[in-house]
Amino acid sequence: MAVVAELSSSSYTKTTRLNSSQLSLSSNHLSYLRRRAFRPITRPRNATVSCSITPNQVQAPIAVPAEEPKRKNDCYGVFCQTYDLKAEEETKSWKKFINIAVSGAAGMISNHLLFKLASGEVFGPDQPIALKLLGSERSFQALEGVAMELEDSLYPLLREVSIGIDPYEVFQDAEWALLIGAKPRGPGMERAGLLDINGQIFAEQGKALNAVASQNVKVIVVGNPCNTNALICLKNAPNIPAKNFHALTRLDENRAKCQLALKAGVFYDKVSNMTIWGNHSITQVPDFLNARINGLPVKEVIKDHKWLEEDFTEIIQKRGGVLIQKWGRSSAASTAVSIADAIKSLVTPTPEGDWFSSGVSSCPLNVICYYSQVYTNGNPYGIAEDIVFSMPCRSKGDGDYELVKDVIFDNYLLKRITKTEAELLAEKRCVAHLIGEGVAFCDLPEDTMLPGEM
Ligand code: LMR
């Protein structure tokens with residue numbers, strides 16, 4: 001027997017003993033062994049924690065401390081070490097840390113997002129965070145890879161990381177839940193099938209949030225079809241205010257701002273008051289009637305109204321699909337940026353006179369909108385109740401928002417809003433079985449598609 005592999009990081013130190021026939025190992029085999037060494041030894045079906053330090057894995061350091069340092073449970077690797085956050089709070093005036101759960105944490109979007117979160121650029125340089133990462137059995141090893149990269153990044157604000165595959169464990173005490181993971185539509189899969197498969201995931205996650213998350217958790221649903229997934233999630237979480245659920249349409253807003261800036265020959269920071277109405281699908285309505293460029297109505301700056309009505313709208317509706325054709329996969333980096341923007345819009349006060357778009361509950365007066373009367377008098381636009389519909393919002397920076405009332409409509413806008421509303425109502429009928437409304441009846445309009453399905 002000979003010792004051939006000794007991993008460097010103290011938290012992973014493990015000696016692998018091999019017999020002589022295994023001594024001439026290829027580097028592939030060595031890396032296989034390294035990977036095996038990182039794996040938890042046994043993991044029950046619903047394990048959450050992969051704390052990479054376990055007593056039988058740790059090789060005694062040369063100078064043995066008198067007492068084993070205290071380590072936390074529910075943690076990954078270096079994040080199992082205790083730390084004195086109170087001292088940091090006192091000396092650096094840091095806030096109390098927040099728990100952020102992220103599903104689909106081993107995917108491309110998360111790979112961009114998690115590092116933004118950990119760096120402090122989203123919640124602020126004085127806000128320590130704990131990341132609770134949800135993956136699947138299939139992606140568990142990649143999830144460990146993500147956690148290792150987070151360890152190696154030495155972010156001062158990142159205080160805890162845990163990984164797992166059971167939402168009831170990972171969502172424990174979550175104050176933010178960023179629900180990114182969803183099944184992509186496979187070849188030959190009907191949209192009704194996609195709604196059903198993903199709907200089941202979001203129904204389960206809604207139940208888990210309801211059971212174990214903070215009762216005021218803010219939920220941003222990214223996995224498509226995100227509006228209806230958000231509706232399913234909120235309907236399965238009756239103890240959490242419906243207003244706390246968002247479907248991500250910030251990516252569409254950002255895309256719309258960019259295209260208007262391009263057409264007007266200005267930088268995109270000059271575009272404001274950009275609303276995306278409705279569904280994150282190709283019926284979405286980027287509102288150029290209420291948007292502004294340099295504080296002026298878009299139609300006064302861009303005189304080519306035909307472009308606005310015909311080209312601009314379609315460019316935004318189909319941008320995701322064009323991107324898929326170029327990349328061979330869905331947008332990831334810009335989606336992560338837009339999730340960060342969506343959060344920032346809720347945790348910082350909206351600039352005076354401006355607003356942002358988010359897919360939110362359209363049913364403030366419905367009984368499921370738990371704290372409805374407190375936050376608004378209702379959806380002021382006459383949009384059907386009880387769907388998740390993208391609308392203009394403003395925030396005081398406290399994580400909450402209110403709907404903007406001073407918007408105008410014309411026939412063009414109303415006609416398109418009606419179409420995207422009809423699509424969402426059809427999607428809702430299609431998932432009736434997942435929201436406690438009886439038997440599903442799927443009569444989706446033929447052109448109902450995600451931005452990526454062209
Ligand atoms: C996007 O808008 O980029 C995505 O939602 C597209 C998709 O269908 O994945």
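Is Ala 342 buried or exposed? In this predicted model, Ala 342 is buried, because its relative accessible area of 13% falls under the 20% cut-off.

## Ala 342 and its surroundings

Ala 342 belongs to helix α11, which covers residues 333–347. Apart from neighbours within four places in sequence, the residues in contact with Ala 342 are Ile 220, Leu 248 and Arg 250.

One of these contacts, Leu 248, is 94 residues away from Ala 342 along the chain, yet the two C-alpha atoms are separated by 7.6 Å.

## A cis peptide bond at Pro 225

Most residues other than glycine have a negative phi, and most peptide bonds are trans. The bond from Asn 224 to Pro 225 is cis, with omega near -5 degrees. Pro 225 sits in the loop that runs between β7 (218–221) and α7 (226–235).

## Two aspartates with positive phi

Asp 173 has a positive phi, near 60 degrees, although the residue is not glycine. The loop that holds Asp 173 lies between α5 (167–170) and β6 (176–179).

Asp 386 is placed in the loop between α12 (372–375) and β15 (388–394).

Notes
Residues numbered from 1 in each chain as written. Predicted model: local features only at pLDDT ≥ 70, side-chain atom pairs only at ≥ 80, totals over all residues. Heavy atoms only, no water. Helix = DSSP H or I, 4+ residues; strand = E, 2+ residues; numbered from the N terminus. Buried < 20%, exposed > 50% of the residue type's maximum accessible area, 1.4 Å probe, protein only. Contact = heavy atoms within 4.5 Å.
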